[in-house]
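Work through the exercises below with the sequence and the coordinates at hand, and compare each solution with your own reading of the model.

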Amino acid sequence: VDLLENFQVDAIIGPQISAAAPFLVELGEKSQVPIISFFEASPTLSLIESPYFIRVAENDSVQVKAISAVLQKFNWHEVVLVYEDTDYGTGFISYLVDALQETNIRVAHMSAIPKSAEDFQISKALMKLMTMQTRVFIVYMNTALASRLFALADQNGMM
């Protein structure tokens, strides 16, 4: 904000985290400065609603074709989706579910983990997943949350 008010800013490169995207979009609109994003910040942001938000990367939905192809290659017909419970996570999961349905891969269960989940909450979700017969899990979440999830899965003998 200081740079926008006191210096000439031609563009902002960012955000570095998806949670900052709505703030930067609002900032770009108010100051009429383009925000250039090198990653898909949030599937819920549209270019029509945010004319100053410019994505220069592929939409994350492109990844779903690769995931489907891997599942088909290994002849896995049933999966469990574990994802970060944010707009970004649920947006991606909706793309993935559509792609899996097209290839006749069944989603046996979906588990949304809150970004602010405590270890006991993650462990509780993992215990529920352990009772299922499906053994193919697709995990989609930020690195910090994923590293905690995998450490707890390892502690529970799921790795």
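**Exercise 1.** Determine how many aromatic pairs the model holds, and describe their geometry.

Solution. Rings of Phe, Tyr and Trp (its six-membered ring) pair if their centres lie within 6.5 Å, and planes under 30 degrees apart count as stacked, over 60 as edge-to-face and the rest as tilted. By this rule there are two aromatic pairs. Phenylalanine 74 and tryptophan 76 are stacked, at 4.9 Å centre to centre with 20° between the planes. Phenylalanine 92 and tyrosine 140 are also stacked, at 3.8 Å centre to centre and 10° between the planes. Because phenylalanine 92 lies in helix α4 and tyrosine 140 in strand β6 (residues 137–140), this pair ties together parts that are 48 residues apart in sequence.

The model is predicted: local features need pLDDT of at least 70 and side-chain atom pairs pLDDT 80 or more, while totals for chains, interfaces and linings use all residues. Residues are numbered from 1 along each chain as its sequence is written, and side-chain values use heavy atoms, without hydrogens and water.

**Exercise 2.** Decide whether phenylalanine 92 is buried or exposed, and classify tyrosine 140 and tryptophan 76 likewise.

Solution. Buried means under 20% relative accessible area, exposed over 50%, and partly exposed in between (1.4 Å probe, protein chains only). Phenylalanine 92, at 1%, is therefore buried, as is tyrosine 140 at 13%, whereas tryptophan 76 counts as partly exposed at 35%.

**Exercise 3.** Examine the phi of asparagine 75 and that of asparagine 104.

Solution. Most residues other than glycine have a negative phi. Asparagine 75 is exposed at 52% relative accessibility, and asparagine 104 is exposed at 65%.

Note on methods:
Helices (H or I, at least four residues) and strands (E, at least two) are DSSP runs, numbered from the N terminus.
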